[in-house]
Amino acid sequence: MVFSRAKLMPDVYASRNGQNARLVGRRDPVVHASKEQAPPVDRSFINTYNEQGFVVLNDVFTPDEVSTFQQELERLRAAQKSQQSGDVITEPNSNEVRSIFRVHESSRVFKALAVDERLVDLARYLLDDEVYIHQSRLNYKPGFRGKEFYWHSDFETWHVEDGMPRMRALSMSITLTENFDYNGPLMLIPGSHQQYVVCEGETPEDHHLASLQKQEYGVPSDDCMKSLTAQGGIVSATGKPGSVIVFDCNIMHGSNGNITPFPRANAFFVYNALSNKIVNPFCAQAPRPEHICTRKNIIPIPK
Ligand code: 6CS
Ligand code: FE
């Protein structure tokens with residue numbers, strides 16, 4: 001048993017600590033609610049999420065709501081071009097905006113979306129707890145120049161670099177433009193959430209300054225990827241604007257670059273269970289900054 005530094009909390013998901021790359025079994029439920037609890041959506045969606053590790057909910061938001069999100073998306077992009085705040089990540093080798101973090105605090109529109117009951121009620125059910133926003137971001141994936149997000153498990157990063165103890169968190173990705181199968185949609189490996197990918201290598205200092213543009217540490221080995229895809233295949237999550245891709249914190253996912261004229265812009269909200277609030281990182285580096293992971297201001301979303 002590996003014990004993390006100065007925390008005496010057993011590190012059941014140790015990674016990037018000198019071990020060889022390998023797959024180990026998940027130690028946490030996927031759906032934390034009991035079968036007796038009535039879900040806020042059709043039970044079939046819950047079953048799909050449990051088995052596959054993700055589910056796509058179509059037509060969650062109305063065209064008018066989507067139009068408001070799109071206007072805010074563009075307003076924030078234009079504002080960031082002049083302000084260059086720390087919340088903004090640009091694409092490598094271009095000034096194109098790749099991501100804007102912390103929008104659940106900096107934007108009135110996305111603050112309201114983050115706490116919308118169509119999202120939060122489902123998050124509370126799946127995590128069977130009060131929830132708070134661990135991270136929020138807009139991924140722009142602009143036309144022609146939107147670059148890839150290499151394969152990764154979000155949980156591996158949030159565990160190692162942010163100190164998220166267990167797999168009791170999930171992401172909701174709201175499609176703000178159409179996610180086609182050709183403009184860099186989220187690609188997921190069904191069922192991969194049941195195995196934790198131990199990564200080789202280490203965690204460089206200030207890793208986020210590079211990883212959010214191009215992630216090279218905390219990524220699975222080729223052999224682990226071959227094994228996961230042989231078991232589950234690869235699925236692209238497509239949907240019209242206003243759909244919601246709900247995916248477990250540990251599912252293996254990534255996305256290709258976008259060379260089409262059609263941007264693939266999504267808003268991501270990460271809901272973490274209050275009982276799973278982050279502790280110190282499980283790696284030897286300093287905690288990541290507040291705009292990437294909520295640490296100082298952990299407040300459950302009020303009912
Ligand atoms: O490091 C992180 O927290 C971010 N990185 C990726 C590629 N996905 C999750 C999250 O946005
Ligand atoms: Fe991710």
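Select ligand 1 and the residues around it: Gln 135, Arg 137, His 152, Asp 154, Thr 157, Trp 158, Leu 212, Gln 215 and Arg 288. Keep in mind throughout that this is a predicted model. In the side chain of Gln 135, an N or O atom is 2.9 Å from an oxygen atom of ligand 1. The side chain of Arg 288 also has an N or O atom 2.9 Å from an oxygen atom of the ligand. For His 152, the pair is a polar side-chain atom and a nitrogen atom of ligand 1, 3.2 Å apart.

Stay with this group and pick Thr 157, which belongs to helix α6 (residues 154-160). Is Thr 157 buried or exposed? Its relative accessibility is 9%, and buried means under 20%, so Thr 157 counts as buried. Its side chain makes a polar contact of 3.4 Å with the side chain of Gln 215. Beyond its neighbours within four places in sequence, Thr 157 touches Arg 16, Asp 162, Gln 215 and Arg 288.

**The seven-stranded sheet**

Next, select the strands β2, β11, β7, β13, β5, β4 and β3. In that order they form an open sheet with antiparallel pairing. At the edges are β2 (54-57) and β3 (88-90), each of which pairs on one side only. Neighbouring strands in this sheet are turned against each other by 20° on average, direction ignored.

Zoom in on one pair: β5 (residues 131-139) and β13 (residues 266-273). The two strands run antiparallel and are joined by eight bridges. Asn 139 stands opposite Asn 266 of β13.

How many residues of α5 are buried? Eight of its 11 residues are, so the helix is mostly covered. The buried ones are Leu 119, Val 120, Leu 122, Ala 123, Arg 124, Tyr 125, Leu 126 and Leu 127.

Look at both ends of α5. At the N-terminal end, Asp 116 caps the helix, with a side-chain oxygen 2.8 Å from the backbone nitrogen of Arg 118. After the helix comes Asp 128, whose phi is positive, near 50°.

In soluble globular proteins, nonpolar side chains tend to be buried together. Here the largest nonpolar core has 44 residues, and Phe 110, Val 246, Phe 269 and Tyr 271 have the most contacts inside it. Helix α5 gives the largest share of this core, seven residues.

Another core, of 17 residues, lies apart from the largest one and includes Trp 158, Val 160, Met 164 and Ile 298.

**The four-stranded sheet**

Move on to the strands β6, β12, β8 and β10, which in that order form an open sheet with antiparallel pairing. β6 (149-153) and β10 (235-237) are at the edges; each has a single partner strand, so one side of each has no neighbour in the sheet. Neighbouring strands here are turned by 25° against each other on average, direction ignored. Within this sheet, three bridges join β8 (residues 186-188) to β12 (residues 252-255). The bridge partner of Leu 186 is Ser 255 in β12.

**A further strand pair**

Select β1 (residues 22-25) together with β9. Four bridges join these antiparallel strands, and Arg 22 has Val 198 of β9 as its bridge partner. Both faces of β9 (residues 195-198) are covered: Gln 195 and Val 197 are buried on one side, Tyr 196 and Val 198 on the other.

**The loop between β5 and β6**

Finish in the loop between β5 and β6, where Lys 141 is found. Lys 141 has a positive phi of about 35° although it is not a glycine. With a relative accessibility of 1%, Lys 141 counts as buried.

Phe 144 is in the loop between β5 and β6 too. Its phi is positive, near 70°, and Phe 144 is not a glycine either. The relative accessible area of Phe 144 is 47%, which makes this residue partly exposed.

Technical notes
Residues numbered from 1 in each chain as written. Chains lettered and ligands numbered in written order. Predicted model: local features only at pLDDT ≥ 70, side-chain atom pairs only at ≥ 80, totals over all residues. Heavy atoms only, no water. Pairing = 2+ DSSP bridges. Axes fitted to C-alpha atoms, helices over the stretch in contact; angles between N-to-C directions. Core = buried A, V, L, I, M, F, W, Y, C linked by side-chain atoms within 4.5 Å. Buried < 20%, exposed > 50% of the residue type's maximum accessible area, 1.4 Å probe, protein only. Near = heavy atom within 4 Å. Polar contact = N/O pair within 3.5 Å; in protein donor to acceptor, adjacent residues only side chain to side chain. Contact = heavy atoms within 4.5 Å.
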